[in-house]
Every structure is written in structure tokens, then in C-alpha cells.
Amino acid sequence: MERDNQTWVSEFILLGLTSDWDTQVSLFVLFLAMYLLTVLGNSLIVLLIRLDSRLHTPMYFFLINLSLVDVSYATSIVPQLLVHFLAEHKGIPFLSCAAQLFFSLGLGGIEFVLLAVMAYDRYVAVCDPLRYSVIMHGGLCTRLAITSWLSGSINSLLHTAITFQLPMCTNRYIDHISCEILAVVRLACVDTSSNEVTIMVSSIILLMTPFLLVLLSYVHIISTILKIQSTEGRRKAFHTCASHLTVVALCYGTTIFTYIQPHSSPSVLQEKLISLFYATVMPMLNPMIYSLRNKEVKGAWQKLLGQFSGLTSKLATG
């Protein structure tokens, strides 16, 4: 179609990771297995929290939201990636590309804010435990969760609208695994410096602000833990934050490295690998981190498996 004497493409071609057929088949099997583990692991976490009343606390309410974000983020990228591994034509329609950018960027932003909210929850639990239930009441938890979802979605909607108003001319080859914002902006046949400034400002607001809040929370948490007299008390206090701190380090570290400085960003291959890590590895690891490093979750698993084993034994004997 024609607009202002410039050609606008109706379809993009994703170049992906490799053009070698055997490698693509191997990657298809690998990432399909990882995606299924992601969906299974996060779904089981949500189910477990819903079934065990001992896990009906603010921390696990936010963990449910994190699991939903992880599954949704992986689903916004991985199925398309799997199809392209086996397809000869690796095209993605204009509107589908815009939708993929909106959902992946939005869900990524939601996760950053959600991790900051979870850090605040851990701050209250460690630094003001006697008033924890009063401060982190149901109404506040719901408002914080809604704020996380709205902030990421609004930011993504603005970026998507701005990015796909750019004239792409005849450029339709996206050198990436998905419709990632910087990869799409590079296709424009006009000056994109204003877009890059917008990305920078948005990164500072939606990435660095929550990150600084996380750091501030953990400064207070560590300060409080160090004041605890007993070694056992310090160990238990730190253990309540260990899972969240691990996820924060992986999530923020990866994304800051990718987005915070567009002009001095890593190579295209590095960007692909970083995005792949965030889309496939992180959502798969989160349920494992919270299961393996959390006594309450492990206890709930043991209880659920015990009930399931008892039920199957009764059915077998009956």
C-alpha cells in the first residue's frame, strides 16, 4: 500500500538463528521441550498455590501473577519460533508482528514492575514482620498487581503504536527471532533517533526505576538481617528472600544488558541469544527456583503428592 509516496510492507521475514535445516530441527525439539516444561511448571505452581491454603499469602499471590506472566511471555514468542524452525517461508504478517511486539514488550515490563512489588513484600516481611498482615492486606496486593499489569501494557501500547507508524519502505527482513522493538526500529528508512531516545527514557522509567526500588528494598532487608543476633534467625530471614533475589538477578541482569543503551548494544547474535534466554530459559527456571529453594512450596508438593498417592492406593484396593 502507498502512503506519503513511501512503500509500507504488509509482511516481515524473520531471519531467526540459523538457516541450516538439521540445526533447525534440533532446535525445534529442544525449544519445544523447554516450552512444554515452562507451561507445565508454571501451571503446577499456580495449581499448587490455589489448592494449598497455607500458600494463600501475599508472596504467593504475586508468584501466581509472575507464573502467568512467564507463561504468557513464552507463548508470545516460542510458538512462532517453533513454526519457523520447520517452515520454509518464515514470514509474519504486519499485524501479527505488531501484536507480538505489544505482548512480549508489555509482559516484559509487567514482570519488571512485579518483581519490584515482590521485593517490597519481602521488605515488609523481614523489616516489619509484626505488621506484615496489616500492611500487605488483600486490597493493597490487588492494587499493586493491577498497577504492574497496567504500567507494562500502557508502555507497550505506546511503543508499539510509535514503532509501527515508521515507514519500513522495502525493508522487511528482521534479523531476530521475533518482532523485537530494536530490530523492527532498525528497518525504518527514516531517522529513528527520536525512537531510540524514547526507548531509552522508557527503559529508565520501566526498568531502572523498579530495579532501584528492588535495590533499596534489599539494602534495608540486608541491614535488618545483619542486626539479627542468632545465626539461625539470620539464615531463616535470608532464606525467605533467596528465591526472589535469584530471579531478580537473572531477569534484570539480562534485560539491562540488552536494552539500557541502544547505541552501544551487543551484536545482533548476542541480542538474539539474550532474547532467547529471556523467552525460553527464564520462564522455565522460575518455577524450579521457587520450588527447590522454598520449604513451603516443597512441603506443599509433598502434601499434594501424598494425597495423590493415598487416593491412587484407595482406588487400587477398591
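Q: Is the link of Cys97 and Cys179 left-handed or right-handed, and how many degrees are found about its S-S bond?

A: A disulfide is a covalent bond between the sulfur atoms of two cysteines; here the term is applied to a pair of cysteine sulfur atoms within 2.5 Å. The link of Cys97 and Cys179 is left-handed, with -125 degrees about the S-S bond. This is a predicted model, in which local features need pLDDT of at least 70 and side-chain atom pairs count only at pLDDT 80 or more, whereas totals for chains, interfaces and linings use all residues. Residues are numbered from 1 along each chain as its sequence is written, and side-chain values use heavy atoms, with hydrogens and water left out.

Q: Which parts does the pair tie together?

A: Helices (H or I, at least four residues) and strands (E, at least two) are DSSP runs, numbered from the N terminus. Cys97 belongs to helix α3 (residues 94-127), while Cys179 sits in the loop between β5 (173-174) and α6 (181-185), so the pair joins parts that are 82 residues apart in sequence.

Q: Are Cys97 and Cys179 buried or exposed?

A: Cys97 and Cys179 are both buried. Cys127, by contrast, is in no disulfide, and the nearest cysteine sulfur, that of Cys241, is 8.3 Å away. With a relative accessible area of 26%, Cys127 is partly exposed. Cys141 has 4% relative accessibility and therefore counts as buried.

Q: Which residues does the UniProt annotation "transmembrane region" cover?

A: UniProt positions follow the numbering used here, feature names are shortened, and annotations may be inferred rather than shown by experiment. The unreviewed UniProt entry places this annotation on residues 25-49, 61-87, 99-120, 204-226, 238-261 and 273-292. Among these, residues 99-120 are 100% helix and 0% strand, with end C-alpha atoms 32 Å apart. For residues 204-226 the end C-alpha atoms lie 31 Å apart, and the span is again 100% helix and 0% strand.

Q: At what angle do helix α1 and helix α2 pack?

A: Axes are lines fitted to C-alpha atoms, for helices over the stretch in contact, and angles run from 0 to 180 degrees between N-to-C directions. Helix α1 (residues 21-51) and helix α2 (residues 58-86) pack at about 160 degrees, and their axes are 9 Å apart. Angles under 35 degrees count as roughly parallel, over 145 as roughly antiparallel, 65 to 115 as roughly perpendicular and the rest as oblique; α1 and α2 are therefore roughly antiparallel.

Q: Which residues make up the contact of α1 with α2: how many are nonpolar, polar and charged?

A: Ala, Val, Leu, Ile, Met, Phe, Trp, Tyr, Cys and Pro count as nonpolar, Asp, Glu, Lys and Arg as charged, and the others, Gly among them, as polar. The contact of α1 with α2 comprises 22 nonpolar, 6 polar and 2 charged residues.

Q: How far apart in space are Asn286 and Ser67?

A: A C-alpha separation can be set beside the separation in sequence. Asn286 and Ser67 are 7.8 Å apart, C-alpha to C-alpha, and 219 residues apart in sequence. Asn286 lies in helix α9 (residues 268-292) and counts as buried, at 2% relative accessibility.

Technical notes:
Buried < 20%, exposed > 50% of the residue type's maximum accessible area, 1.4 Å probe, protein only.
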